[in-house]
Every structure is written in C-alpha cells, then in structure tokens.
Amino acid sequence: MPSVAVKLYSVFFKLILKRRLQNRIQNPNLNDENSSFGVTSRPEESIAAANPSFTDGVATKDIHIETSTSLALRIFLPETCLVSTDPHSKARVTAKRPGSQRDSTPTNSSCGIPRRNSYGSAEAAAAALSPINRRNSYGNGLSTDDISLKLENGVYGGYSPFTRRCRKLPVMVQFHGGGFVAGSCDSVANDFFCRQIAKVCDVIVLAVGYRLAPENKYPAAFEDGMKALHWLAKQVNLAECSKSSGRTPESKKSDSQGQIMDAFGASLVEPWLAAHGDPSRCVLLGVSCGANIADYVARKSVEAGKLLDPVKVVAQVLMYPFFIGNTPTHSEIKLSNSYFFDRAMCILAWRLFLPEEEFSLDHPAANPLIPNRGGPPLKNMPPTLTIVAEHDWMRDRAIAYSQELKKVNVDAPVLDYKDCVHEFATLDMLLRTPEAQACADDISIWVKKYISLRGHEFSY
C-alpha cells in the first residue's frame, strides 16, 4: 500500500484539484472560443527556468514554435551529445562545471565505461576516459572549458554546437500530464522528469507545451502534438537546405551568407537539433492525458507516412494513459476513488476538454477500444510500451488496449508497478522515489531496442 505521506498528500491534492476544476467549469470567461492563442501553463504552476548550459548534465532552452498560438517546446539536450562516434576523433568531451568532481553520467565501476551509451564501440568509450583525451580541443580551437560559455557583456552564455563532429542522438517527443487543463512543459516536476529521461535514455527530449482546456478544447491539444512533429521535420529540412547553401549552424556567427532567416533576420534553424538531432529515430512519450496525445500523434504519423520524412516514429511509451469509457471496467469500479485522480474528477476534466456537443466518455480521444475509432489499422502502429500502476483506476483499459495491439503482432509490453498510484513517476512529491527511478530505467531499457544504432541493448 502507498505510504501514509502519499495518502495524506493525495487527500489535499484532490481537494485543491477538484476546486480548480469546478471553478473553471463555472467561470464563463474561461470558455471563450475566440481565444485561439491559448495558454500552456497556469499561474499556480511552479516553473523551472531554462538553463542552456550543462549545469547538471542537461542543457535546456525554450522555443515558441508557432506565432498564431501559444504552442511552445522545451528542449532537453544531454551532455552525452558531446561524444563523437568517430573512433579517430576525440572520443569524449564534457563541459566542466564549477565544483564538479566527476562526470554525472552513470558508469560501470568495473571498467569505467558509461552504462547508458547505445552508440559507438566499447573501445571508443574506454578511450574517452583516458587522460590523453581529457583536454583535447573541441572544434575551432575551443577547449572543454569553452563549451559552457560564460555570460560576459550580455553575450549568450549557453551551449553552442561549434564543432562539425557533433554526435547525433535520437529525439523523444514528450507530452506532459494534467488532465488537459493543467501542467506545463516547463513545470518543476516535468523539467525534472525530462532531464532524467534525457540522461538515462541518452536522447534529446522535446517537451511539448500544448494549449490547455477549457480555453482551447478538443482537438487543440492533439493538433499541437502533430504540429510539434511537423516542426521537427521542418527543422531537419531547413538544416539540410542551410548546408546545401554553404551555411551550417556551426559556422561563424559573423558570416550570414547562405543563412536561412525570418523577416526579422533571425535564423530559422534550431542549432541544437541541427547539430545533434536524429529524427529518423523518434520516440513519443506521453504522461497521463499526454499518453492520449502521444497515441493520437502516433496514429497520425502512420497515416502521414513519407509526408513526415525524415521524421520516423519508431516507438511510443504510454505512461498510465488517461483512458475512460461509458462501460466501466473492473478497476474503474473497484478503484474509482483511488489516489490523486479519482474517476469523478477525471470526468470533470473531460467535460472541460471536450466540446459540449461532442461530450461522451466513448469519444475516440477518451476510449481507444471503441469500434470504428478511425485511423490506421492497429497492426501498423509503432511498438508501444504501456506503464500502469496497481492503484490506478485507469489501468484495465490501458492493459486492454495493449492486448489489442499484441493481437495484431505489435510489440506492446505492459509494465505493472506494485503499490504505485497514478503518476507515480512524474508527480512532484514522487519523482525521487525508487519506483520512479526504476520506471525511468525500465523505459530506457525498452526504448533502446528501437533507437540503438548497434542493436545490442537488452530489452523486454
């Protein structure tokens, strides 16, 4: 059973959340259909500031990707991107941090080789830790001390990919939870979780700040998910155009020839993704209601096919999906008053999210098991890892969806965590629990089967 502290926190959490949901339903000013710009965060949300230097092993930056809406992204770039896959080049470069005594990358104590490195040979990784390579220059005559630039005279002090030998990493597109009405991509809890995933999975995480309800009802959040994927594809194509015109994001800033710019003279190419992103290994990860968005984006990406090139969704992770239906399952009856998110509150959230004329618990966005749901055949869906918790009333429908995928030979394992609650790995007070760490490790093990260049990773 969950601890006493979790039970007490759950009681207060539900009281506050229920009041907020009821206030949004009763406040007519929040249902302005003309406000298409929308909001991606609430005033009560604790926000973590972006940090574009590798302070704790992950650099972050925020990007507003659409001018007509509030859609935004936070990019999480792990410092392992500084490892070159070229065995003849300098094998590993890490940014030095003040007061840091050792690399934050988990290592195998017996051989000193990074544990969670899916790329490159063991010899290259071992050479990376040798004293000979520790102080090698990092492109354009820069040493490791120059990677995390200091902020002087108002000059940008974050990471810039100066070298052309940048390591390519898979891209994971993440959708936060919050019942479609709360949460944000830059909240303290989501920032911590995405940093953890970026480190253990060795990927670039794009956390999507989609528009929230009731200001923007269905299908706004789902469409924002697809817009983020299209933006990623556009970035790759812009980077290729920039290279073909004789200009790369790594070129000197004073040279503007060939640069692709907007009307204000700003570069349209995102340098971190241009230098380090490999969208041909794209994974979707959704938390709670974000899992519903991830599943929608996966289905749409299958329908799009080559129209999304070079982005290819190779797998998706659904963490305790926000599924529901008119006919209750066994867990929906037995655990309807479970911890943090009970069934009554989730129905309130769905009322806020779905347009009044479309409201139904068997809506295609809410129930993946309804007949004639639309979209591509299930057999064309990408491999899907489903994570459920023992004390989550939504667990049965998520398991049933996974079983439907298995029937058509889709790799769709289910990880069931004992004595855990909904959002046990992503809720603020539960982020540092052993269960949350085990969940991140399990995600890493399974995902690496589909994003590893070598294919030597063990998986379920």
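Helices and strands are taken as DSSP runs, with helices of at least four residues and strands of at least two, numbered from the N terminus. In this predicted model, Glu270 is located in the loop that connects helix 4 (220–244) to helix 5 (271–276). Glu270 has a relative accessible area of 6% and is therefore classed as buried, the limit being under 20%. Beyond its neighbours within four places in sequence, Glu270 contacts Lys61, Ile63, Ile75, Trp231 and Gln235. Its C-alpha atom is separated by 9.6 Å from that of Leu232, a residue 38 positions away along the chain.

The model contains an open, eight-stranded sheet with mixed pairing and the strand order 1-2-4-3-5-6-7-8. Strand 1 (58–64) and strand 8 (414–417) form the edges, each pairing on one side only. From one strand to the next, the twist averages 20°. Strands 1 and 2 (residues 72–78) run antiparallel and are joined by seven bridges; Ala59 has Leu77 of strand 2 as its bridge partner.

Two helices that pack on the sheet are described here. Helix 3 (residues 188–201) touches strand 1, strand 2, strand 3 (169–175), strand 4 (204–209), strand 5 (277–287) and strand 6 (313–319), and its direction makes about 40° with that of strand 2. Helix 10 (residues 434–451) touches strand 3, strand 5, strand 6, strand 7 (384–389) and strand 8, with its direction at about 160° to that of strand 6.

At the surface, a nonpolar patch is formed by Val4, Leu8, Val11, Phe12, Leu15 and Ile16, which together have about 610 Å² of accessible area. Leu15 belongs to helix 1 (residues 4–26) and is exposed, with a relative accessible area of 55%.

Note on methods:
Residues numbered from 1 in each chain as written. Predicted model: local features only at pLDDT ≥ 70, side-chain atom pairs only at ≥ 80, totals over all residues. Heavy atoms only, no water. Patch = residues over 30% accessible without salt bridge, like charges linked within 9 Å, V, L, I, M, F, W, Y side chains within 5 Å. Areas by Shrake-Rupley, 256 points an atom, 1.4 Å probe, with all protein chains shown as cover. Salt bridge = Lys/Arg side-chain N within 4 Å of Asp/Glu carboxyl O. Buried < 20%, exposed > 50% of the residue type's maximum accessible area, 1.4 Å probe, protein only. Contact = heavy atoms within 4.5 Å. Pairing = 2+ DSSP bridges. Axes fitted to C-alpha atoms, helices over the stretch in contact; angles between N-to-C directions.
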